[in-house]
Amino acid sequence: QDRQQRIWIGTRQAGLHLFDYASQRFINFSLKEGLSNNIVSSIKEDQNGFIWVGTENGLNRLDVATKSFRVFSEKDGLPANNIQSIDLGKDNFIWVATTNGLGLINTDKDFSIKAYQLGADADGVPQHNFIYTIQIDKWRDNTLWVCTKNGLKRVDITDPASNLTWETFSNNASLWSISHNSCVDFVQESR
């Protein structure tokens, strides 16, 4: 639901839908309307009222007033076209989880994109870059939680222009580990 109390629904085959309360009908946005792919994985509204839509073939920014899309992809600097999750950071940053790493879009400037790879773990073993979902910490806005095939990661995003600091919680039989490395979702409770 957006700030205007509209409900946005992403589907696996038919694109993006908007439920219009006035007409009690659904309005469809699909390939025909400019959406980059009909398989929708994530939807967020930014502080300017644009709707950001993650799909299997790019990240889309919908201008609801003009019903037009701007598409961001690997050719613009994203680590992959297959978008798994998006979240809104402070200072007009959009964090993008893909099947090949993490992307950061600066919407204040020229929509510049920075791509991040997960790198290696403490033992030097390369990490798989598939990210299932991300979420900005509700209590610490300089922390991003990242669910990956290699465990849950806590990322310090205090200065996203520099390299990020990653801390991994994985199945390593310690007190601070999780029971399985493949972390697919994350929900933080409200206070």
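Residues are classed as buried under 20% relative accessible area, exposed over 50%, and partly exposed in between (1.4 Å probe, protein chains only). The model is predicted, so local features need pLDDT of at least 70 and side-chain atom pairs count only at pLDDT 80 or more, while totals for chains, interfaces and linings use all residues. Residues are numbered from 1 along each chain as its sequence is written, and side-chain values use heavy atoms, with hydrogens and water left out.

Q24 is exposed because its relative accessibility is 52%. This residue is found in the loop between β2 (16-20) and β3 (25-29), strands being DSSP runs (E, at least two residues) numbered from the N terminus. The phi of Q24 is near 60°, a positive value in a residue other than glycine. F111, in the loop between β10 and β11, also has a positive phi near 60°, but F111 counts as buried because its relative accessibility is 16%.

An open sheet of 4 strands has the order β8-β9-β10-β11 with antiparallel pairing, where a pair requires at least two DSSP bridges. β8 (83-88) and β11 (112-116) are at the edges with a single partner strand each, so one side of each lacks a neighbour in the sheet. Strands β9 (93-98) and β10 (101-106) pair over 6 bridges, and V96 has G103 as its bridge partner in β10.
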